[in-house]
Amino acid sequence: MHEHLAPDTRTRWCRAFALALSLVSAITASSLMAEAAAQDGFGAWDAIRAGLVFVTTAWLAWGASLALVGLPGRQRAGTHIELSQPQPRTVIAVPICDEDPLTTFARIAAIDRSVIDAGVNADFVVLSDTRDAELARKEQLAFARLLRDANGAGRMFYRRRQDNAGRKAGNIEEFIRTSGGAYEFAVILDADSLMEGETIRTMIARMQADPKLGLLQTLPQIIGARSFFGRALQFASCFHGPVFTRGLARMQGATGPFWGHNAIVRVRAFAQSCGLPELSGKPPLGGHILSHDYVEAALLARAGWKVQVDQTLGGSFEEGPENVLSFARRERRWCQGNLQHARLIFAPGLARWSRFIFVQNVAAYVVSLLWAAFLIASLIGTVTAPPPKYFPDPYQLFPVFPNTSTREITMLAVGVVGLLLVPKLLILIGAIRSGRAKGFGGAMRVAFSVLAEILLTTLLAPLMLLYHSRAVLQVLSGQDGGWPANQRNEGILSLSDGWQAGRWIIGIGIASLAAVEWMAPNLTIWLLPVALPMLAAPVLIAWTSRPLTHAVFTVPQDTTLSPVVASYRAIADSWRRTWVEDTAPTEPHPTGETHAPA
Amino acid sequence: MDQRVSLNKTTPAHPQEPVVVVETQNWTPPAAPLAMPKQVLEPQTHRPALTDVARMLFLRRKT
């Protein structure tokens, strides 16, 4: 490993703490499980159950440890570094594929204004992979409008590829191959990204100040959410996100993450180390690398470049999914990409931590399947357990009642719930004590929001478990989900939409309840927290897509809009008013479709 | 690819308006090629190397 990438003492302690917490939690949980199972004899299914509990609890504890590591200390920005002159040549690259042209280019116009206000000289390049010819024509009209409004000739560029080989990673790679030599740094954005010019200025200065820094990642905050689901996600990313990300930053040290956008890269470093090959074999596990960003971060580290994430760099925004179905669809894409990482764990020359990240990326999705396997193993274990012997001795006068395992199972359940809740409650307490809660509507409102978010995620957890499990099984059975373009600004889902998308979940819920009630009725009560949300899946899917007032899930952006966000909205409104004839329709789904099947 | 985009390719909404032609030739980013070598990610099979070693041993024994 390169010396400057070696973890420092703090990073080592953070990693040791997280590993210890995960192992201790996993050992405790599996011991409790084994103890509970041993009441009626310890069989093979009990061993499987204990093993599954070990892995799933370790995963939960690992997530909790991220928050615990990220909690200590105040969220303060690092030392301010001034941009050195002459400014390095920087390009702001926006790869797009079948996006809404008006909003995409209005965002670029807003970032451009902000960048100019911040005194940064940067070029812009829109890298279009759009396949739809009509949409591409509108992109070009929108770009012409941007050029005119921003007086951008000579510093704003647009190119559309003939094919979209390698998808987004290939799109960026093609730009670097043809034009990368012109730039020292590239800020990589998504079509829905917004960044303040001051943030970009700070990022360039940080890259200048540390010649070994290959990539600097910001923590994009979700903005613009309107639905119950979207606002809950926005609140979680804004309120819990910085603490989890600081934990991640402390644990990862100089071998940090890349999330594909809202980050700055050193072009030479990226070119030198991030040319992605196709994986041998066919999709879904072969072919183009889909979750390319994590691989690129690992490759930068392999070549000796530092990769860092800094959650204190504000002024970085993105949009999030507005309903369960678009979230599940995104998860399907990410699942396929992450499972490919299983093939890269033993890639030559990688830092040990990078390999561990690949293991985590795979575990993030496989763990749902393991939870489902645990439920099934529990049922089989109970059914196949030997009947209790009330008179084990032939001449016994009084019966011996078997010990119940309620105490162990209750302790196990409390422990698992604790791993999920304690980090969020500690973040809440920390925010109230530090005054950060004021931005989220004050102590009472933020406490209510945290509670509502916990309730919502609890209700949706069984649905997510099934969506993840289905995605993993689809990928493992060779079904390629591809990497379809993002569908943003999706509307409200009707109950009929919810029924269409959630009836298979109801089917599984009914089948599970019926099987348990028939084979092991004493387990039915334990299954209800999982089965009831499944039975209510269509209602949950439809209800959480409905608009929500700002009474709950308040975030600072509700009251104080970041300048670049305000500027974007003004520009988009102005363009909508004056641009109908040229570019109509501007909605991403002119057919009136509100969503695609999940 | 013809990169000229004209609004007149479709039926104009307002025929009396002047033709809007968008020249896209100057939109392409500056040409400044940079090498981006493909990285090796999948573990290389050790079979050829092992075969070499085996052959060497075999030949050595033979001689």
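**View 1. A loop residue with positive phi.** A:Asp98 sits in the loop that links strand 1 to helix 3 (101-117) of chain A; helices (H or I, at least four residues) and strands (E, at least two) are DSSP runs numbered from the N terminus. Its phi is near 55°, which is positive although the residue is not glycine. Most residues other than glycine have a negative phi, and most peptide bonds are trans. This is a predicted model, where local features need pLDDT of at least 70, side-chain atom pairs count only at pLDDT 80 or more, and totals for chains, interfaces and linings use all residues. Residues are numbered from 1 along each chain as its sequence is written, chains are lettered from A and ligands numbered from 1 in the order written, and side-chain values use heavy atoms, leaving out hydrogens and water.

**View 2. Two cis peptide bonds in chain A.** Going from A:Gln85 to A:Pro86, the peptide bond is cis, with omega near -5°. A:Pro86 belongs to the loop between helix 2 (44-70) and strand 1 (90-96) of chain A. The bond from A:Pro283 to A:Pro284 is also cis, with omega near 10°, and A:Pro284 is in the loop between helix 9 (267-273) and helix 10 (292-302) of chain A.

**View 3. Helix 7 against helix 8 in chain A.** Helix 7 (residues 228-239) and helix 8 (residues 241-252) of chain A pack at about 45°, with axes 4 Å apart; axes are lines fitted to C-alpha atoms, for helices over the stretch in contact, and angles run from 0 to 180 degrees between N-to-C directions. That makes helix 7 of chain A oblique to helix 8 of chain A (under 35 degrees is roughly parallel, over 145 roughly antiparallel, 65 to 115 roughly perpendicular, the rest oblique). On the helix 7 side, A:Ala236, A:Ser237, A:Cys238 and A:Phe239 make the contact, meeting A:Gly241, A:Pro242 and A:Val243 of helix 8 (contact means heavy atoms within 4.5 Å).

**View 4. Where chain B meets chain A.** The contact takes 46 residues from chain A and 25 from chain B. About 3100 Å² is buried between the two chains, 63% of it from carbon and sulfur atoms (buried area is the accessible area, 1.4 Å probe, that two parts lose on being put together, summed over both). B:Trp27, B:Met36 and B:Leu41 supply 28% of the area that chain B buries against chain A, more than any other three residues. Keep confidence in mind: chain B averages a pLDDT of 60, while the mean for chain A is 91 (pLDDT is the predictor's confidence in each residue, from 0 to 100).
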